[in-house]
Every structure is written in C-alpha cells, then in structure tokens.
Amino acid sequence: MRVRNPRTGSYDYEFTPTPLGDVAATAKRLRANQKAWVARGLEYRIEVLERWAVAVTAERDAIADALTIDTGRALISGREAEGLPRNIRRWLGSAADLMKTELHQSRILPTVTYQNQLVPYALVGAISPWNFPVTLSFIDAIPALVAGSAVILKPSEITPRFVEPIQRSLAAVPELADVFAIIMGDGAIGAELVNHVDAVCFTGSVPTGRKVGEAAARRFIPAFLELGGKDPVIVLDTADIDKATDAVLKGSLLNNGHACLSIERVYVQAPIYDAFVALLTEKAARVRTNAANIHEGEIGPFIHGPQADLVDAQIKDAVQKGARVLTGGVIEDHGGKWCNATVIVDVTHDMAIMRDETFGPIMPVMKFDSIEEAIALANDTEFGLSASVIAGTIDEARAVGAHIDAGGISLNDCGMTYMTFEPEKNSFKFSGMGGSRMGLAGLSRFFRKKAFIMQNGTPQSIFDFSEEHAGK
C-alpha cells in the first residue's frame with residue numbers, strides 16, 4: 001500500500017497490509033497469551049511496560065523522524081515521540097491505586113458484605129486516526145494493557161511510518177509482544193478487527209464511528225467512540241480581547257486545525273466584535289506556514305490530501321453565500337498543500353463552514369447580542385465534543401458553559417482538554433459514546449465488575465419466607 005508524503009505530494013513509502021485472514025489467527029494467539037498476562041498480576045505488567053518505556057525512549061528519534069515525514073511537521077512530532085514513554089509511566093504510576101477494590105457492608109442486610117473483582121476484557125481492538133498518529137494510537141492501548149487486556153492496534157494507513165520503530169521497541173520486550181500486536185491496512189482490516197475482539201476503541205469520523213458502533217452492537221461488545229467535533233467558543237464582552245484572541249488563535253490553529261477539539265466556530269458579543277475581529281485578523285496574518293522550512297512556521301501541510309479540497313469547498317460555499325474572507329482563505333499547492341490562517345466573517349449557520357467538521361486552520365467569526373442567543377448558536381450542531389467560554393471572570397464563563405451541550409468546557413482558554421488527563425468527560429450528541437478516556441475511567445472502562453456477595457451469618461431457609469408470609 002503506497003503512502004503519500006504531505007510536504008511533497010509524492011508517494012514515497014510503501015507497506016504490506018496485513019492479510020484479512022491473519023487477523024483471526026493473531027486474535028487467537030493474543031487471547032491465549034492474555035490469560036498469563038492477567039494472571040501474573042499488576043506488578044508484573046508494570047515491570048514489563050516499564051521496560052517497554054525504556055525501549056520506546058531508545059527509538060524516540062526514529063519515531064519522531066517517521067512522524068515528521070508522515071505529518072509534515074517537526075515540533076509536534078518531536079513532542080509526540082517524547083510523550084509516549086511519559087504516557088506509559090503515567091498509567092504505571094497510578095494503576096495500583098486505581099485498581100484497588102474494597103470490602104463493603106450491605107446497607108440492607110447486616111450480615112452481608114461484598115467486594116468487586118475487576119475482570120479485564122480479554123482482547124481490546126484500537127483503531128486510530130492520522131492527525132496525532134502516535135498519541136491517539138496508544139491513548140487507549142496503554143491503559144488496556146495495564147488493565148490486563150491483550151491489544152490489537154490498527155493505526156491509520158495514511159501515517160504508518162512510525163510503526164517500524166515501534167515494532168523494534170516491541171521486539172526488545174517479547175513478553176509484551178505476546179499480548180500486543182499491530183495490524184496494517186485500510187478500513188477493511190479495521191472492520192475485520194471488530195469481528196475478533198471483546199471491546200473496541202475507535203477515534204475518527206462520525207460516519208466511520210457509526211459503522212464501528214453498529215458492528216460492535218451486532219456482537220454485543222462495548223464500543224468506545226471518540227468522534228468528530230465542531231467546537232464553539234463564546235467570547236463575552238467582558239473578556240480581555242488580547243488574551244481572548246490569543247486563546248482562539250491557539251485553539252483553532254494548533255496542529256493545523258487537524259484536531260477534533262479545534263475551535264471551528266467563534267461567537268463574539270456585539271460590543272467587542274469589531275475590535276476582536278480586527279485584532280484576530282492582525283494576529284492571524286502573522287501566522288506562517290512551514291512550506292519553505294519545516295522547522296519554521298506555525299502551520300503545516302494538510303496531512304491527508306483530500307482534506308484540502310474539503311476545506312477549499314467550505315470556504316467557497318461560505319463566500320458564495322455572502323461571507324467575507326479577511327485573511328488567508330487560499331489553498332497553496334507546493335506539491336503538498338497548505339492553507340494560511342483564515343478569518344471569515346458574515347457567516348451564518350446555513351453555511352457548511354458553520355455546520356460540518358472542517359479540520360483546517362479556519363476561524364469563522366459570528367456576532368451575537370444576548371447570552372441566550374450565544375448558547376443557542378453554540379448548541380445548534382450535531383456535535384458535542386467540547387467547547388470554550390471566555391469572559392471577564394471564571395464564574396461568568398462557567399455560568400454560560402453550564403448550558404453548552406458538550407463534554408469538556410474550557411473556561412477563559414481554548415482546547416484545554418488536550419492538555420489535561422485528569423478530568424473525566426463524556427461526549428454529547430454524535431461526538432462519541434462509551435466511557436471517558438480521561439481520568440479514572442480511562443482505565444476502569446476496560447474492566448467488567450464481578451461482585452462477590454458474602455453471607456457472614458446464617459443463610460435464610462426457604463421456610464423463613466413462608467413463615468414471614470403467614471405472619472402477614
């Protein structure tokens with residue numbers, strides 16, 4: 001299978017897809033090995049995964065180089081490579097506390113106590129996207145392995161080069177390779193994976209997530225779906241305009257807008273609208289692409305080529321319906337494709353750029369008068385991943401955020417859900433389903449709870465029930 005280089009537009013890498021028929025055999029092997037993986041206990045798994053963190057660190061530069069080619073960006077790729085061993089150790093450091101089960105006294109029956117046993121799903125499948133190839137490949141796989149599951153990962157076929165150094169790191173830890181496998185290919189191999197696992201994690205678009213969810217439902221297995229977003233930010237007239245424009249610029253443009261939590265709709269209260277738009281446009285015009293030098297600039301190329309066509313179509317649709325582009329708005333073709341930071345005004349919810357996921361460096365800005373109007377506009381979407389509110393105080397912003405239908409609300413900043421791992425959250429509407437991948441639930445969702453219910457006194461006789469009935 002050929003892979004496109006996003007900077008040159010050429011196809012300069014190939015990999016051999018995993019045969020569909022091999023998925024069942026891989027699942028069978030891992031499922032058999034998982035029994036020992038869970039039986040040897042958490043301490044053993046921590047020791048093995050710690051050795052893997054060391055092996056990953058040894059491959060850090062190779063992983064970063066592979067990501068840099070596949071995504072056309074250098075700084076974020078380096079941070080992704082550095083973050084993987086850190087994320088492994090984050091779970092290793094907290095797993096023992098998270099997996100404690102305590103003995104409880106029944107409130108109804110004084111002689112009865114109970115305690116849970118945490119039983120991991122034997123085999124978890126993870127299907128990951130191309131926008132953060134390493135981070136999102138392992139955000140589910142690592143806690144599942146810590147929990148005691150075996151894992152099969154299917155990374156995106158658009159950004160697969162990091163798999164080679166990751167495979168070398170796995171070869172250095174054979175105990176882990178017994179319960180963790182990577183399969184390669186397109187959507188067909190992902191669909192086959194769902195047929196052989198006990199739980200599936202998917203990060204990607206709503207249409208594909210719907211297919212994964214439907215396939216999982218047919219097999220009665222849980223699906224943890226992290227899907228698209230059309231995140232709004234509401235900027236109240238009490239906000240500091242300089243700080244607000246900085247937050248919106250970062251929330252919209254980080255990683256080229258290639259993030260489900262990117263700010264894609266900007267609502268600004270009327271009294272500060274003109275000043276906000278002027279400053280946002282001035283700052284956006286200073287943002288550079290890295291087309292000339294990969295080590296300079298803030299915006300990289302479109303990682304997935306067709307995404308440039310989608311963004312271009314949304315801009316043209318908006319302009320045709322009356323919107324004005326104040327800066328940016330042009331797709332540049334240098335072999336790969338780039339788009340400068342773009343500010344668009346006079347937008348309405350009749351335009352695709354305000355309804356559909358964009359995944360590009362585009363900031364459509366809309367004026368509102370009342371807070372009630374802003375909340376209605378923010379909630380006028382089929383998505384509910386996350387949102388932001390910027391105001392003069394946190395309390396003021398929180399009062400507005402309480403009415404937004406989304407799982408994570410950043411107050412007086414934008415996109416903070418990618419910077420924090422502690423707060424649990426659930427997606428609203430079509431942005432996902434299943435347990436939170438953040439906080440305690442990021443690990444606990446890979447367990448089924450078994451309850452031991454213990455009679456510490458004398459069991460009741462069947463005749464006790466008849467005597468009670470007769471007494472009545």
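Me: In which loop is the place of Asp-346?

Reply: The model is a predicted one. Strand β15 covers 342-345 and helix α13 covers 352-355. Asp-346 has its place in the loop between β15 and α13.

Me: Is Asp-346 buried, partly exposed or exposed?

Reply: Buried requires under 20% relative accessible area and exposed requires over 50%. The relative accessible area of Asp-346 is 36%. Asp-346 is therefore partly exposed.

Me: What is the phi of Phe-359 near, and where is this residue placed?

Reply: Phe-359 sits in the loop between α13 and β16 (362-368). It is buried, its relative accessible area being 11%. Its phi is positive although the residue is not glycine, and the value is near 60°.

Me: How are the axes of α10 and α11 oriented to each other: parallel, antiparallel, perpendicular or oblique?

Reply: The axes of α10 (residues 241-253) and α11 (residues 270-285) come within 9 Å and cross at roughly 50°. Angles under 35 degrees count as roughly parallel, and 65 to 115 as roughly perpendicular. The two helices, α10 and α11, are therefore oblique.

Me: What is the make-up, by class, of the contact of α10 with α11?

Reply: The crossing of α10 and α11 is right-handed. On the α10 side the contact includes Ile-241, Val-248 and Leu-249, and on the α11 side it includes Ile-272, Phe-276 and Lys-283. By class, the contact has one polar, three charged and ten nonpolar residues.

Me: What span does α3 reach from its first C-alpha to its last?

Reply: Helix α3 runs over residues 60-71 and has twelve residues. At 1.5 Å a residue, the expected span is 16 Å. The model comes close to that, with α3 reaching 16 Å.

Me: Which elements do the buried residues of α3 pack against?

Reply: Among the buried residues of α3 are Ile-63, Ala-64, Leu-67 and Thr-71. Just after the helix, Gly-72 takes a positive phi of about 70°. The buried residues of α3 pack against β1 (2-4), α2 (41-58), α4 (75-98) and α6 (163-171).

Me: Which residues is Thr-327 in contact with, leaving aside its neighbours within four places in sequence?

Reply: Thr-327 lies in strand β12, residues 324-327. With 15% relative accessibility, Thr-327 counts as buried. Leaving aside neighbours within four places in sequence, the contacts of Thr-327 are Thr-281, Ala-284, Ala-285, Ala-341, Thr-342 and Val-343.

Definitions and conventions: Residues are numbered from 1 along each chain as its sequence is written. This is a predicted model: local features need pLDDT of at least 70, side-chain atom pairs count only at pLDDT 80 or more; totals for chains, interfaces and linings use all residues. Side-chain values use heavy atoms; hydrogens and water are left out. Axes are lines fitted to C-alpha atoms, for helices over the stretch in contact, and angles run from 0 to 180 degrees between N-to-C directions. Helices (H or I, at least four residues) and strands (E, at least two) are DSSP runs, numbered from the N terminus. Angles under 35 degrees count as roughly parallel, over 145 as roughly antiparallel, 65 to 115 as roughly perpendicular and the rest as oblique. A crossing is left-handed if the near helix is turned anticlockwise from the far one by less than a right angle, and right-handed if clockwise. Contact means heavy atoms within 4.5 Å. Ala, Val, Leu, Ile, Met, Phe, Trp, Tyr, Cys and Pro count as nonpolar, Asp, Glu, Lys and Arg as charged, and the others, Gly among them, as polar. Buried means under 20% relative accessible area, exposed over 50%, partly exposed in between (1.4 Å probe, protein chains only). The expected span of a helix is 1.5 Å times one less than its number of residues.
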